[in-house]
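Hi everyone, thanks for making time this morning. Let me put the model on the screen, and then I'll talk you through it.

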Amino acid sequence: MHKLQGIAVSPGIAIGEALVMDRERFRIPRRMVARDAITHELERLLRGLEATAEEIQKNRDTIARELGPQYGAIFSAHLQMVHDEQLRNEISDLIREHQFSPEYAVSQVLRRYAKVFQALESAQLAERSHDIFDIEKRILRNLLGHRREELSQLTSPVLVLAHNLTPSETANLNRDFVRGFVTEIGGPGSHTAIVAQGLEIPAVVGTGKFLGDVSGGDMVIVDGEHGVVILQPDDATLALYQREVEAKRTYAARLQTLRDLPAETADGVAIELLGNIEFPHEVTQCLERGSDGVGLYRTEFLYLDPSREPTEDVHYQAYAHVLREMAPRPVTIRTLDVGADKITHAPSPEDERNPFLGLRSIRLSLRNTDLFRTQLRAILRASVLGNARIMFPLISTITELRQAKMVLADVMEDLEEGKIPFNRDVEVGMMVEVPAAVTMIDHFVREVDFISIGTNDLIQYTLAVDRSNKDVAPLYNPSDPAVLRLIAQAMRACNEASVSASLCGQMSSDPLFTAWLLGVGLRQLSVVPSAIPEIKRVCRRLELPYCEQVARHVETLDSAREVKKYLLKEQRQSPHADQF
Amino acid sequence: MELMVDSAASRTVVIINPEGLHARPADLFVQAAKRYDAKIEIIKDNERVDGKSILSIMTLAAVEGTELKLEANGHDAEAALEELVALVSRGFTEL
């Protein structure tokens, strides 16, 4: 049993078989073979090893011929390893005695060696683990041949373990079979986190290196509540988690009974609970949870196919689906919100040393107005199908907001000229996620129909911390009083100006903050769809005067630690903490 | 008729090459060892590994200055040890 600590980015607990993805995207198939297939599998192993040896020999000869014999020496050592009798015996034993598949057996044995080398004090010998991984990869490639399975062709449930997952990889996943994610790197805002939340499966990121300790088919537990990953759990641990999974299932079933009850406080103040979505199919989850609309529809996925820029029609189809399904509920569509590095269709910036401070989001849209206009046209065309709202991200100056609105007005004019129907009164709003926007909020609220506070970026920009950087990630803290004061300040301005405001960062999905959020005046919370029932339950237990008292007390606290301690205490002492 | 006699022999050597007994030297050692029929084992402190298994040798982590005992069992044990000791002693350089 081996326990890893990472960052919990999507709640839930999953127990299942590991699918290990290394940089070559291997899937190591199920680990057992039939007893009567053992002889055949042993022969397959031998053939795989021979093919690998031939390949290495060829490499060695080429390199030696081109660069000189001393450069071929490392391949000679690799060849010696593939021929190692002891290694072969260990692998064959696993196949014979444990009915392991050759792939799994190779992976198990070689990774054991790699681990031994990594533990050695001599740095030079420790480096040898790379040789072992290299050989493992070669052997697996030869064993698997054309049978290499891609993520889209999964046939049984798995937990995906990877160094990192790219958007295109996660997009290709067969969602029916992926039950959880673990990645070595990444933070709370990583793509893996967003996709996992969308799929409502647990995910843990930023565990640090561990893929060397695990083979495909190993039993794994992903605890998305505590950021814990357990490799090859013992029976007692497994039983413990199985009970936990069962308890969660029961709780979720009880929460579902709240579905058709209104989201309102115990003293009758109506709260709107909206869903954050990334993919159009997530509207189903919103509707099942009884959401009051979509508070944040991220549109970045439309841009992730590197082969082509999304056409207006691609945009339109996605928006039309979401708007139709949600109508008459509001759907807030956020325009493109990524860095220039993430999309291939935009000219790449020349000097992007600080991507989070660079050419991204609304800045990118304003710089590439063709891209921007295409998206706005599609949103406007779809606006007749439901209740669409347009939201500009990362606004930091009033000029940016005005420029964005000018482009929008221009697109509207075009549509009018072309006699294409759209909703002229579509609401236009902005994300408040840059401290500058909060400072100037009294001016902004005069020029927008609504705002949405994006806490993920607001925290990052306020505290000057990159949440995906492990060394400083602990500074990224939603409980930080500086962040809370900015949110409270924004809310005061909105309420004075009667501009509708919602909050759509991860903070809104965390029941710890619900009382405080209502206390500072929020009446719309946009949360991951899976969190809607729980946040509704919490809202229905709270009374507004109490929430306001919590907000007043938090105002007096001076550190994230104090705030968190206080909110936890209040949460525990709440008389109805666990009731429905 | 010449009688084939199994003989056992052992010698002690010290690793002198700065990079220790890592992949390339271990490969040369195994290549040499495999030219003989004798069973060859390397002993470091309490660990004993097969002298014809490169991976096992590497797990010994024999760095520069490590003292190793070589044991050979078989009709060509003496000759095997002679070549292997020479190989280690000259720091695995080519002759």
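The second largest cavity is lined by A:Leu255, A:Gln256, A:Leu258, A:Arg259, A:Glu288, A:Arg289, A:Pro533 and A:Lys536. By cavity I mean a set of points, on a 1 Å grid over the protein atoms alone, where a 1.4 Å probe fits but cannot get out; lining residues have an atom within 4 Å of a point. Please keep in mind that this is a predicted model, where local features need pLDDT of at least 70 and side-chain atom pairs count only at pLDDT 80 or more, while totals for chains, interfaces and linings use all residues. Residues are numbered from 1 along each chain as its sequence is written, chains are lettered from A and ligands numbered from 1 in the order in which they are written, and side-chain values use heavy atoms, with hydrogens and water left out.

Back to that cavity: its volume is about 30 Å³, where a volume is the space filled by probe spheres set on the points, and grid points are joined across faces, edges and corners. Sorted by class, its lining has 3 nonpolar, 1 polar and 4 charged residues. Here Ala, Val, Leu, Ile, Met, Phe, Trp, Tyr, Cys and Pro are nonpolar, Asp, Glu, Lys and Arg are charged, and the others, Gly among them, are polar.

How many cavities of 30 Å³ or more does the structure hold? There are 2. The largest cavity has about 40 Å³ of space, and its lining includes A:Gln197, A:Asn276, A:Glu282, A:Arg298 and A:Val528. That lining splits into 3 nonpolar, 3 polar and 3 charged residues. Helix 8 (191–199) of chain A gives the largest share, 3 residues; helices (H or I, at least four residues) and strands (E, at least two) are DSSP runs numbered from the N terminus. Helix 8 and strand 9 (272–277) of chain A each supply at least two lining residues. Domain 1 (2–27 + 150–251) and domain 3 (259–573) of chain A each give the lining at least three residues, with bounds from an automatic or database domain assignment.

Now to the packing. The largest nonpolar core has 120 residues, and those with the most contacts inside it are A:Phe181, A:Tyr297, A:Phe392 and A:Trp516. Such a core is a set of buried Ala, Val, Leu, Ile, Met, Phe, Trp, Tyr and Cys residues joined through side-chain atoms within 4.5 Å. Buried means under 20% relative accessible area, exposed over 50%, and partly exposed in between (1.4 Å probe, protein chains only). Helix 18 (residues 481–497) of chain A gives the most to this core, 9 residues. Domain 1 and domain 3 of chain A each contribute at least three residues to this core. A second, separate core of 66 residues includes A:Ile56, A:Tyr104, A:Leu140 and B:Leu87.

What does A:Tyr297 touch, leaving aside residues up to four places away in sequence? Its contacts (heavy atoms within 4.5 Å) include A:Ile277, A:Pro280, A:Tyr319, A:Val331 and A:Arg334.

A few loops next. A:Ser479 sits in the loop between helix 17 (455–462) and helix 18 of chain A. Is A:Ser479 buried or exposed? A:Ser479 counts as buried because its relative accessibility is 2%. Not counting residues up to four places away in sequence, A:Ser479 touches A:Leu484, A:Phe513, A:Ala560, A:Val563 and A:Lys564.

A:His163 is found in the loop between strand 4 (158–162) and helix 7 (167–172) of chain A. With a relative accessible area of 23%, A:His163 is partly exposed. Its C-alpha atom is separated by 6.3 Å from that of A:Ile185, 22 residues apart along the chain.

On to the backbone. The peptide bond from A:Ala327 to A:Pro328 is cis, with omega near 5°, and A:Pro328 lies in the loop between helix 11 (312–326) and strand 11 (330–334) of chain A. A:Gln99, a residue other than glycine, has a positive phi near 55°, and at 19% relative accessibility A:Gln99 counts as buried.

Chain B has a case like this too: B:Asp45 is not a glycine, yet its phi is positive, about 50°. B:Asp45 is in the loop between strand 2 (39–44) and strand 3 (47–50) of chain B, and is exposed, with a relative accessible area of 65%. Chain B has 3 helices and 4 strands, in the order β-α-β-β-α-β-α from the N terminus on. Of its 95 residues, 55% count as buried.

Terms used. On a 1 Å grid over the protein atoms alone, a cavity is a set of points where a 1.4 Å probe fits but cannot get out, and a pocket is an open set with protein on both sides within 12 Å along at least five of seven lines; lining residues have an atom within 4 Å of a point.
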